[in-house]
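Trainee: Could you walk me through this structure step by step? I would like to begin with the strands and then move on to the helices and rings.

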Amino acid sequence: MTEKKSKATTIIQINQGIVGPKPPLTKSLRIKPLGAYPDVAEAFRETARLYASPLLAGPPVCDELMDLIMHMFTEEEADIVRHFKPMMRMTAEKAAKACHRPVEDARKILDRLSREKFILLAMGDGPKRKYTVMPILPGTFEAVMMATSMENLSDWQRRFAELFERLGETGYLTDYLKYDLPAV
């Protein structure tokens, strides 16, 4: 096996028992403005804008991100999450006020996102419990995909993994890999 030296970070790949560097992805990202999605509900578009933030190491808005967002959230869930800011924590009361919903409705949705889907990170208990949006990677991907075995993954998790892989194949992460980082 020969190894090419490049400025890209070397990623280890295991293929049929052979361990070696994985070639860097060719960037194929097709950035689009939110207006390119007129048939997508505003809640999904605004949630995609949130996840596209560089503060969350997010990809720019593109078809692959939009597909992932529309899988991760129902429109009702996205309508609450779109009011979050990157790296900021929010209580159910504050989220309810932002989206004009009863606090108990907002809390139920936020708890489902943090305790069942593992999309949001929650800290604390009771009315002071705070929620925050995690980056897609690292953060959301690992939390969603935690399972004791592949057989334990739900259809929702399997579809999440497929959509995440499509997003990763756009090469958007290369925007955040400015320096060689040792891995493994």
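Mentor: Let us start with a term: two strands pair if DSSP finds at least two bridges between them. Helices (H or I, at least four residues) and strands (E, at least two) are DSSP runs, numbered from the N terminus. This is a predicted model, in which local features need pLDDT of at least 70 and side-chain atom pairs count only at pLDDT 80 or more, while totals for chains, interfaces and linings use all residues. Residues are numbered from 1 along each chain as its sequence is written, and side-chain values use heavy atoms, with hydrogens and water left out.

Trainee: OK, what is the order of the strands in the open sheet?

Mentor: The order is β3-β5-β4, an open sheet of 3 strands with antiparallel pairing. Its edge strands are β3 and β4, each of which pairs on one side only.

Trainee: Which residue takes a positive phi in the hairpin of β4 and β5?

Mentor: That is G124, with a phi near 90°, in a hairpin that has 6 residues between the strands.

Trainee: Switching to helices, how do α1 and α2 cross?

Mentor: Their axes (lines fitted to C-alpha atoms, for helices over the stretch in contact, with angles from 0 to 180 degrees between N-to-C directions) come within 9 Å and cross at roughly 115°. The residues making the contact (heavy atoms within 4.5 Å) include F44 and Y51 of α1 and L65 and M72 of α2.

Trainee: Now the rings: how many aromatic pairs are there?

Mentor: A search of the whole structure finds 4, where rings of Phe, Tyr and Trp (its six-membered ring) pair if their centres lie within 6.5 Å, with planes under 30 degrees apart counted as stacked, over 60 as edge-to-face and the rest as tilted. The centres of the Y51 and F73 rings are 6.1 Å apart and their planes stand at 50°, so this pair is tilted.

Trainee: Are those two buried or exposed?

Mentor: Buried means under 20% relative accessible area, exposed over 50%, and partly exposed in between (1.4 Å probe, protein chains only). Y51 is buried at 1% relative accessibility, and F73 is buried at 2%.
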